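Subject: Structure for your review

Dear colleague,

Please find below the structure that I am handing over to you.

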Amino acid sequence: MEAGFAARSDAVSTADAWPHTRRPMPWLLAGFLVMIFLVPFEAIHLDVSLPVSSDLDRFVVAGLVAAFALGGLIGNRERIVRSRPRGWATGLIAFAFVTVASIAVNVDRITNLGEWEVAQKRLAVLAALIAFAVVVTLTLRVAELRKFAVLIAVLATITGSATIIEQRTGTNLFYDVATEVFDPIATVDPAPTSAVGVELGDRPMVVGPTRHALSVASMLGMALPFAVVLAAVAPSLRGRLLWVLAACVIVTATLITQRKSGAVVPAFALLALFVLRPRQLLRLAPVGIVALAIGLVLSGGAFNSVSGLLNSADADSTAGRTSDYPAVVPDLLSNPLLGRGYGTLDSSRGDIYRIFDNQYLGQLYQTGALGLMAFLALIITPLVVVRSVLRSDHPLRGPPALAAGAGCLAFGVSTALYDVLSFLGAPYLFLFLAAMCTCAASVEVLRPAPARAPSVRLPRHYQLTPEGLR
Amino acid sequence: MNLARTLAVLWRRRVLVAVGVLVAAVAATLSVSQVSLAPPSLESRANVFAAASSEMLVDTPDSAVADVNAELTPLSTRAEVFTRFLTSTDAVDRIAAVAGVPADALEARGPFQINLPEAERVPTAEERSSQIIGEDAVYRLRFESPPELPLITAFSQAPTEDEAVALAAAVPRVLQGYVRAAQRREQTPPARRVTIRELGQAEGAVVNEGAGVQIAVLVFLTVLVGWCMLLIPAHTIARGWREIDPEDEGFAPGPHRNGHGSAQHVPPPRQPEKAS
């Protein structure tokens, strides 16, 4: 029996579940997770000219959707019937409709100011995100959640380790490997790393596989609950210690980014876990403290990183954030309901462009009050859907649901700390976690096997009638 | 519900899907067009515009840029001053008059300091308020002056290519006229006068042709997908409604809905055997 999460019999079928399956979709999703955590996909531009974007993730999502559609049309009928909780797609649908509506009502101004081109690109990104969310939600099975939770925790640990190496040496392994691998078919942007030899007062730029330190900090913060929950449910002390060490690597990697998000996002994720399952997770405290001390020693003291959060560059960042609020008032008053139009914030227009260090504020500016509500619904829906199984003792549902729910909450927090939709690693991961939440709360039933004709040859004087053999 | 079943349901409801196509087409049309009933007309809301540009060099009569020893900083400073002048109401009125466009439909902005830190570069609430007022203008001018270079670039935008080119071409003429008038008025010695040299002819082209169609297609697809998504639960509800038997509340043997909504034969409950 697992610590705190008692095993209980359930109708969940583990047959044909990833990784013990030949179904292609779960493998493709696992590959996508690997891409999110280990490949700097936003910096890889395939040498193919497309009207919107030739970034790697668009091609991968298109491949996922094509594989899903082909499987739905010509694949074998699945043996498991899944009934997803009512309203799981509410946030997605609302957000998609409001974004298009915000464009439609502002057509004259958007076309007059030449903002359609940039809005088009952001809409293509949104379409990729929505398609990904739908495919993952309709593919995942309850029996696969735990394995995917392990995959996320392992990938986050690898990412965290390589990010620590990046901070120590200035070598970004993700970008270096991607440049070697994708060189013949794609252009890989140089790594934005500036960890070594930064001037006093400046913050280093430790980005891992992403384009910005905030993005990698958010992703690791969202993945942290998986390592913690897996430590809590590990059957042996050795396993528990390993997962706690993995959690320490992830926390250290988030702290060395020297961004406030690196401290705030994991803190909120852990807080959510402890609020929801206090007794089970408090038992990890002694092991956690020891592992944290070891992690800090091995990382050369991440306390320096924490103190680095208080330097002058960070104070400028805070001033920039607070100045955003009064500056958006005129736009809010002129377009209160649907904003200026989704994706119309054009970075090439120095006269009006403003980086919102808060995606909620950015949504309010671009899509108005309705857009903000839809965006909030997008983030809250998985939390509402998963609430019934957050405290479940079912080993296949409870722990993954708890970790995914805390990860979604961490995304909600990081959304308030930077323009999260401008860097796609965290949004993709959030949508995967949201799908895990939906799946954990789903009902799965085995479809009855199709009736087969009797294989024995009957003597001639027997007849098969509705009443039986005569 | 998998994809094949979804498509099958939509095919059975093809009449309603066709109605959805009609609704989506109307929504798409309304999103990019202004409809008037009296008199009946359909006017596009999407503005197709053309853009053009012209470039000016702020120079001395004997061309300082051709002299290695000449100091360019005073000319760069003047270029920035002239750029700011070109956004003034007086200059905008003159440009509109020369280009033959309505002055109240012309908006001018610039220069933008791209090298400043973000906190100093981004517009304040007051600046945004005045920017928002001018966003409806269909004729637009934007001026740039690169730091430490005596250059001014004018970018124009207008509904037609000819108007855009006329606007861009009007800027050097207005600036030349203004500077000459000031020099005459102040009796500036010829050797100390600045000269505005136009660098080539203004050129332009239509840049956002087709934006309206693309937005209409986007709205059409979104509304149609939304309509079809509504049809699926509506289909399930309608089927459940039809299958309700008011006399038998589901206790009798026969076809019933199982836990997943599909009707199939459910065997009658077994009667307990009587003890003999």
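Helices (H or I, at least four residues) and strands (E, at least two) are DSSP runs, numbered from the N terminus. On that basis, chain A has 18 helices and six strands, and chain B has eight helices and ten strands.

This is a predicted model, in which local features need pLDDT of at least 70 and side-chain atom pairs count only at pLDDT 80 or more, while totals for chains, interfaces and linings use all residues. Residues are numbered from 1 along each chain as its sequence is written, and chains are lettered from A and ligands numbered from 1 in the order in which they are written.

Burial and contacts within the chains

A residue is buried if 20 or more other C-beta atoms lie within 10 Å of its own, exposed if 12 or fewer, and partly exposed in between, with C-beta atoms placed from the backbone. Of the 470 residues in chain A, 50% count as buried; for the 276 residues in chain B, the share is 26%.

Two residues are in contact if their C-beta atoms, placed from the backbone, lie within 7 Å. In chain A, 81% of the contacts between residues at least 6 apart in sequence join residues at least 24 apart. In chain B, residues 24 or more positions apart account for 72% of the contacts with a separation of 6 or more.

The nonpolar cores

A nonpolar core is a set of buried Ala, Val, Leu, Ile, Met, Phe, Trp, Tyr and Cys residues joined through C-beta atoms within 7 Å. The largest has 153 residues, and Ala227(A), Val228(A) and Ala440(A) are among those with the most contacts inside it. Helix H8 of chain A (residues 213–233) gives the largest share of this core, 17 residues. A second, separate core has 37 residues, including Leu86(B) and Phe143(B).

A helix pair in chain A

Helix H10 (residues 260–276) and helix H17 (residues 398–415) of chain A have axes that come within 9 Å and cross at roughly 145°. Axes here are lines fitted to C-alpha atoms, for helices over the stretch in contact, and angles run from 0 to 180 degrees between N-to-C directions. The residues of this contact divide into twelve nonpolar, three polar and no charged. For this count, Ala, Val, Leu, Ile, Met, Phe, Trp, Tyr, Cys and Pro are nonpolar, Asp, Glu, Lys and Arg are charged, and the others, Gly among them, are polar.

Ser261(A) is one of the residues of H10(A) that meet H17(A). Why does Ser261(A) count as buried? Ser261(A) counts as buried because it has 26 C-beta neighbours inside 10 Å. Ser218(A) is 43 residues away from Ser261(A) in sequence, yet the two are 6.8 Å apart in space, C-alpha to C-alpha.

Chain B is divided into domain 1 (3–45 + 211–244) and domain 2 (50–206), with bounds that come from an automatic or database domain assignment. The C-alpha centres of these two domains of chain B lie 48 Å apart.

The contact between the chains takes 33 residues from chain A and 35 residues from chain B. On the side of chain B, H8(B) supplies the largest share, seven residues. The residues on this side of chain B comprise 18 nonpolar, eleven polar and six charged.

Yours sincerely
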